[in-house]
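The sequence and structure come first.

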Amino acid sequence: MLAQDRTAPTQWARSVLLAVLSAAMLVLTPWTGGTANAHGSVVDPASRNYGCWQRWGSDHLNPDMAQEDPMCWQAWQANPNAMWNWNGLYRNNVGGNHQGQVPNGQLCSGGRTEGGRYNSLDTVGNWKKTRVGNSFTIRLDDQAQHGADYFRVYVTRQGFNPNTQSLGWNNLELIEETGRYGSAPTYNIPVNVSGRSGDHIIYTVWQASHMDQVYYLCSDVTF
């Protein structure tokens, strides 16, 4: 009986430690599965925070990132949750007033949504870019299968320099507006662009169907 009494606290402590470690893993592990809490993002050409998660999610403490991928480095330093929650960059209750809700200079953070979690995505600099041709397909993952009332796809005007200039609505040209998409895990949006060369930003506005919830997604490209 005495031996059992002495071991009981140890067993209790081990149980508590396991529970704490399990909770910590849930916080630190990036979300990748399909649950009701999931949302989505443009994965090709990669949105800024998805690209940073894709390249560095398993090695985000590597100091080499500061030299190899400085824009992602500053984003990880500012708020790692912008990458872990790469699928949560949205605003609720926009009412179709995109330009009113998302001011110039804040387009890539969705108007500093989610308490400023994604503010680092507005930082001007030489973000890693995906090479594309004048005709390409945007692939968007919708892990919760919200569907879409529409997608609007914009591209920066020729002459705009995304490496040195802050992005505003007046820098964008609408190149594609879709109709409604039914619920699916992935959407493909073919787009055609003319008169573009060099570095640009593709800006995708996704109006989800399940509620008034809008995603604002910057993808850096080189034509």
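Over residues 1–36 pLDDT stays under 50, and the model has 13 contacts beyond four places in sequence for this stretch. Here pLDDT is the predictor's confidence in each residue, from 0 to 100, and contact means heavy atoms within 4.5 Å. Where pLDDT is low, the predicted coordinates should not be read in detail. The protein chain averages a pLDDT of 87, with 83% of the residues scoring at least 70.

This is a predicted model, in which local features need pLDDT of at least 70 and side-chain atom pairs count only at pLDDT 80 or more, while totals for chains, interfaces and linings use all residues. Residues are numbered from 1 along each chain as its sequence is written, and side-chain values use heavy atoms, with hydrogens and water left out.

**Sheet.** An open sheet is formed by 3 strands in the order β1-β4-β7, with antiparallel pairing. Helices (H or I, at least four residues) and strands (E, at least two) are DSSP runs, numbered from the N terminus; two strands pair if DSSP finds at least two bridges between them. The edge strands β1 and β7 each pair on one side only. From one strand to the next the twist averages 30°, an angle between N-to-C directions on a scale from 0 to 180 degrees, with axes fitted to C-alpha atoms. β1 and β4 pair over 4 bridges, and D142 in β4 is the bridge partner of G40.

| β1 | 40–44 |
| β4 | 135–142 |
| β7 | 186–192 |

**Helix α2.** Of the 9 residues in α2 (residues 48–56), 7 are buried. Buried means under 20% relative accessible area, against over 50% for exposed and values in between for partly exposed (1.4 Å probe, protein chains only). The buried residues of α2 are R48, N49, Y50, G51, C52, W53 and W56. Their cover includes β1, α3 (65–68), α4 (70–78), α5 (81–84), β8 (199–208) and β9 (213–222).

**T178.** This residue is in the loop between β6 (172–177) and β7. T178 counts as buried because its relative accessibility is 14%. Leaving aside residues up to four places away in sequence, T178 touches Y150, F151 and I189.

**Cavities.** A cavity is a set of points on a 1 Å grid over the protein atoms alone where a 1.4 Å probe fits but cannot get out; lining residues have an atom within 4 Å of a point. Grid points are joined across faces, edges and corners, and a volume is the space filled by probe spheres set on the points. The count comes to 2 cavities of 30 Å³ or more. The largest cavity has a volume of about 70 Å³. It is lined by 13 residues, of which R48, C108, D122, S166 and L167 are the closest to its centre.

Conventions: On a 1 Å grid over the protein atoms alone, a cavity is a set of points where a 1.4 Å probe fits but cannot get out, and a pocket is an open set with protein on both sides within 12 Å along at least five of seven lines; lining residues have an atom within 4 Å of a point.
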